[in-house]
Amino acid sequence: MYPNKKRINLTELERYRLPIYSRKSKEKIVYFYVLDPRSVVEGNPKMVRIRKKFNHIHRARERDDAALRFRDEVSRKLREGWNPLEQDCETKGFTPFEDVLEKYLGWLQKLLKDNVITNKTFLDYKSRLDMLKKFNAKKEAHIIYIYQLKTAYIESFLEWIYVGRDNSPRTRNNYLTWFSSFCGWLVQTGYADSNPSANIKNLKETDKIRTVIAPEDMERLRTYLMEHDRYFLLCCMMQYYTFVRPNELMQLKVGDISAEEQTVFVSHKISKNRKDGKVTLPIRVIRFMEELGVLDSPANYYLFSHKFRPGAERCLSRKIISRWLNIRKALDFPKNYQFYSLKDTGITDMIDVAGLSTAKDQARHSSVAITNHYVKNQQLVVHPELKDFEGML
């Protein structure tokens, strides 16, 4: 980084001047101009003339043909973005930073298209990329070429995320995890020789404020929703009994529900871990679905669409959070009662009823600690003993 240098807008700079074949003078040359990348970094951009002599070809016609072919080839390469001075400096290090960010976005789009990452992961990464662009637009932080992406720059960016934007240590650490992935891509694609984020440490995180919901408050929640919003009650029941993640929940289809088997199928296409899963659906939930007429809807309908009723259009997971916040306010619930608290509460209750192993399989987790490490064995295990399980919701 060059904090004391004048910020240069690359889009306003002349990058090259097309080659000219000069044959009137004693020397027969083709010359052209390109922008010197080092001069841009130093804050004093200038053009450099590059020339090639053709005097060694004695016959005029052959000399002219060779020079014109060279001129036309150089013209083509310049228009495509070639700069010989950049190649002389580093292999890809003088690629404009903003160009690299766009190429990385294209890489993410390809991963999404090929179903390598989920849409949620793509949007999360894109959001972080947009934040990096916003940071780099700041005058005191601006870098121009990718080789300037050093550890100090990344630490400044993380400090801006954590202190400047008043985020939590967890958010800052999530950005560091993403940045490490981005730098890994830079190394893989030849834009960097090593990962400049490798030695940056995570901040110590505080425990999650989310807690299980007390039995009396679960009863208040059920009573309130039975009167005001029975379809959202079903959504809450699915979270409490099946532990299907909100983003997965909003992509479930009516056809994924089997009343006969009492199961919910979670396809690898929507699952966070990209694996098929199947969990048990207690009879209490089945009967409530039948009461609402949910299972009479077409199989290709989303289980939760507009107003959390079955429909052809998918409901975004943020609608769940928005609805939950209104309910929490109406019931005067504390802030540590979050929608995901239903999952924590359900797992806790299920351990008491069916045991640790059963709850782990139902949650598709490797432990009851709500971690991100998933079971490595078959995830299509269902437990018959859960079919008559009745909790508090």
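Is Lys 110 buried, partly exposed or exposed, and what is the relative accessibility behind that label? Lys 110 counts as partly exposed because its relative accessibility is 42%, where buried means under 20% relative accessible area, exposed over 50%, and partly exposed in between, computed with a 1.4 Å probe on protein chains only.

The structure is a predicted model, in which local features need pLDDT of at least 70 and side-chain atom pairs count only at pLDDT 80 or more, while totals for chains, interfaces and linings use all residues. Residues are numbered from 1 along each chain as its sequence is written, and side-chain values use heavy atoms, with hydrogens and water left out.

## Overall make-up

The chain has 14 helices and six strands, these being DSSP runs numbered from the N terminus (H or I and at least four residues for helices, E and at least two for strands). Of the 393 residues in the chain, buried residues make up 45%. Among the contacts in the chain with a separation of 6 or more, 65% are accounted for by residues 24 or more positions apart, contact meaning heavy atoms within 4.5 Å.

## Helix packing around α7

Helix α7 (residues 169–188) packs with helix α4 (residues 97–113) at an angle of about 100 degrees, with their axes 11 Å apart; axes here are lines fitted to C-alpha atoms, for helices over the stretch in contact, and angles run from 0 to 180 degrees between N-to-C directions. The helices α4 and α7 are therefore roughly perpendicular to each other, given that angles of 65 to 115 degrees count as roughly perpendicular, those under 35 as roughly parallel, those over 145 as roughly antiparallel and the rest as oblique. On the α4 side the contact is made by Val 100, Leu 101, Lys 103, Tyr 104 and Trp 107, and on the α7 side by Trp 178, Phe 182, Trp 185, Leu 186 and Gln 188. The residues of this contact of α4 with α7 divide into eight nonpolar, one polar and one charged, with Ala, Val, Leu, Ile, Met, Phe, Trp, Tyr, Cys and Pro counted as nonpolar, Asp, Glu, Lys and Arg as charged, and the others, Gly among them, as polar.

Helix α5 (residues 119–136) also meets α7, their axes coming within 11 Å and crossing at roughly 90 degrees, and α5 and α7 are therefore roughly perpendicular to each other. Tyr 125, Arg 128, Leu 129, Met 131 and Leu 132 of α5 make this contact with Asn 174, Tyr 175, Trp 178, Phe 179, Ser 181 and Phe 182 of α7. The residues of the contact of α5 with α7 divide into eight nonpolar, two polar and one charged.

## Salt bridges

A search of the whole structure finds 15 salt bridges, each defined as a side-chain nitrogen of Lys or Arg within 4 Å of a carboxyl oxygen of Asp or Glu.

| Pair | Closest N to O distance |
|---|---|
| Glu 291 and Arg 230 | 3.0 Å |

Arg 323 lies in helix α12 (residues 317–330) and Asp 229 in the loop between α8 (215–228) and α9 (230–242), so the pair ties together parts that are 94 residues apart in sequence. Asp 229 is buried, with a relative accessible area of 14%, whereas Asp 114, at 41% relative accessibility, counts as partly exposed. Glu 291 lies in helix α11 (residues 283–292) and Arg 230 in helix α9, so this pair ties together parts that are 61 residues apart in sequence; Arg 230 counts as partly exposed at 27% relative accessibility. Elsewhere, Glu 27, Arg 51 and Lys 53 are linked in a network of salt bridges.

Gly 93, in the loop between α3 (84–89) and α4, counts as buried at 3% relative accessibility. Leaving aside its neighbours within four places in sequence, Gly 93 is in contact with Tyr 145, Ile 146 and Tyr 147.

Most residues other than glycine have a negative phi. Phe 243, however, has a positive phi near 65 degrees; Phe 243 is found in the loop between α9 and α10 (246–249) and is buried, with a relative accessible area of 0%. Gln 262 likewise has a positive phi, near 60 degrees, and lies in the loop between β4 (257–258) and β5. Thr 263 is found in strand β5 (residues 263–266) and is buried, with a relative accessible area of 5%.
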